[in-house]
Structure formats: structure tokens, C-alpha cells
Amino acid sequence: MLRSELPGVDASGGISPAELQLAARNHGLPLEALAYDVTPAGLHYLLIHYDIPVVDPAAWRLRVGGRVGRELSLSLDELRARPAVTQAVTLECAGNGRARLSPRPISQPWLLEAVGTAEWTGVPLRGLLEEAGVGEGAVEVLFRGLDRGVEGDRAQQYERSLPLAEAARDEVLLAYAMNGEPLPPQHGFPLRLVVPGWYGMTSVKWLGEISVLDRPFDGYQQARGYRLRQTPEEEGEPLSRMHPRSLMVPPGIPEFATRERRLAPGRVTVRGRAWSGLAEIDRVELSADGGESWSDAQVAPSRAPWAWRAWEGDWDAEPGAHELCCRATDAAGNAQPLEPPWNLGGYANNEVQRVAVVVADSELDV
């Protein structure tokens, strides 16, 4: 079967009304906002699977159960009374780049903007697991959100699990604040999971229940969703950590409809951000000829272990049409590809960013 004949993909190139409806509910980071070390809450990307639950914080409780020595039931005030941790974490949607694939998998039509870096405040998950007492034979920890919907012909709450060793990492947070303020409703109020290094589907929002399991979780979002496969029949490989990616702040000014950039000739400093969940960013390269040649950019020191890193590179802009590209490589040797890696769900497409630029003949033309 050809890719264009697979269910769930569209070879026509047109965006359907259903996809437009998804795009209207969700939103990406305007690329000019890469200028901020910490993304303002209103500019951080959003992916909301079902509806945003309306939660009464006074009645809400977090339940911890399953394969534990004793069950816990904690109010928001009780969680806030515990020693707090704040850390900057970059989150990226696993479907970032999906709309750039051909044929296009039908889902939220992300281009490149499904990312953001916030300062999350909360309590380490590890402490709650230790307090509950993880039982013998435990292998995974399941996180259940309060949001409900239908997917794969199945009514469900949004649920994802982590291997026990990943869930017990010191940096995994139960966050109740974002950038110093209570979580906004769209970002998971009153409590959400934040799993540094992993794609955003893992950081379950509107968290209501945590269960320790003695067997791998086989719910829809784990067994069918968020898996790399070429056909619907394949079991596929589960997604986990973010692949390396770099994005630039598009230089110059935009043409309204196409977003093509216009700028004056001369020395231009191109700036951006880079991140990877597999290893620390080691190198960022910049190209002004569509990837035919590359030069190294300067990568700033890391401000936080799980947050993106700033980079910048100089370009001598000459009159004419150009295609700027940026490419990140992490310390484990993982690099962004020039061509997108196709899969049925449109996941983990970390191909290099390409920005069309027209350099005017003179400064007066811009």
C-alpha cells in the first residue's frame, strides 16, 4: 500500500475543516518569542486533547494508589505546604513538524512552533512515591488526567505511564505553578506532571490520580497513540525523549500572508534556541543556502539542565533570495536531518528549519 493510500493521511495538500478546528483550539509559539529565555504563559504552546476541565480547587484531591504500601489523598494546600522546587523545562509536542510531512498525517497540523520553556514550581514526584511506599513487583507509574474524550472509538480519560525508574528521577515534578503563578486552566490547573527531557504527551495535565502498576500500561495513549510506525497494523516503537532541534528567530520583517522575511543587506546576527532530551546540545550550525554549506554558531552556556540553549551566528546578507537553515547536534551525536523522517502519526519530525529570506538591494527598500 502506498503512503498516500493509508488511512489517516492526506495526500491532497489541503487542510480539512476538522484539522482547522484542532488548530483553532491549540496554538504554537510565535517564533519571534524564542527571544525570551522563559516563555510567557500566553505564548507557550498548547495541545489540549479533549476539553479543559473546570476544577474546584477546594474539592480537588490527588490520589496515589495501586501497588503501594499505603494510599495517599492530598489536597492542593497540602501539596503547596511541602518544600517546593522550581526548574526551567522545555516542553515540545511529539507532533511538532507534522504538517511539513508529505503525505500529511491527519491530526493537529503543527508546523514548527509546538514548543515552549516555562519555570515550573511544584513537588518532586519521587517524594510522594517514597511516602506511599512502592510495592514489590512494581514496574510502571500511571498518571490519569481529569480530561475525558473519545479516541480510537473509545471513551477515556487521558492517561500515560512512565517506567518506575523514569518516574523516580529527582527532576520529575508535580507542578502547581507556571512562571511564578498558579497554573492557568489550559496548562493543567490545579496540578500537572512535568517530565523533563520527554515529549510533552508525557506531562499529563489536570492530574487527578497516580497509580503504581505491576505490569506495563496498555491504555490507548500508550499502546496506540504516540508510537512510531509506518502502517496501522504495526505495533510500533513508543515515543519517549525529545530529538534534537534548533529554531531561529526569523530575521527581518515578515510579508503578511506568506511570512517570507524581508531585510536589508549587511551583517545580520541570527539568533535562536536549541534543545534535546537525549543529551546536552553540543553544536548548532547555520546555513544561508538551503543546507549546501554550514558554519558554526555560538552556543551559550546552559542556564538550566532541562531548558533550551541560546545560540547566535553572523550572516553577511547580500541582495537576493536566500533560504536560512539551522541544525543542532547533541553530545550523543544525534543531529537534525535535512529530510523529514516520515511515520504514520507524524511524530518526532525534527528536520532542519528553513526560512525564506529576501534581501533588498538597499536599506531604503525594506
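**View 1. Q298 and its partner across the strands.** In this predicted model, Q298 sits opposite E312, a residue of β22. The two strands here, β21 and β22 (residues 309–317), run antiparallel and are joined over two bridges.

**View 2. The open sheet around β22.** Zoom out from that pair and you get an open sheet of four strands, ordered β15-β18-β22-β21 and paired in the antiparallel sense. β15 (245–248) and β21 (298–299) are the edge strands, each with a single partner, so one side of each has no neighbour in the sheet. As a reminder, strands of a sheet pair through backbone hydrogen bonds.

**View 3. Helix α3 and its buried face.** Which residues of helix α3 (residues 125–132) are buried? They are L125, L128, L129 and A132. Looking down the axis of α3, these buried residues fall within an arc of 100 degrees, so they line one face of the helix. Just past α3, G133 adopts a positive phi of about 80 degrees.

**View 4. L128 and the largest nonpolar core.** The largest nonpolar core counts 65 residues, and L62, W120, L125, L128, F143, L174 and I210 have the most contacts inside it. Strand β9 (residues 173–178) supplies the largest share of this core, six residues. Leaving aside residues up to four places away in sequence, L128 touches L62, V64, L72, L74, L79, R82, V123 and L174.

Key. Residues numbered from 1 in each chain as written. Predicted model: local features only at pLDDT ≥ 70, side-chain atom pairs only at ≥ 80, totals over all residues. Heavy atoms only, no water. Pairing = 2+ DSSP bridges. Buried < 20%, exposed > 50% of the residue type's maximum accessible area, 1.4 Å probe, protein only. Arc of directions from axis to C-beta. Core = buried A, V, L, I, M, F, W, Y, C linked by side-chain atoms within 4.5 Å. Contact = heavy atoms within 4.5 Å.
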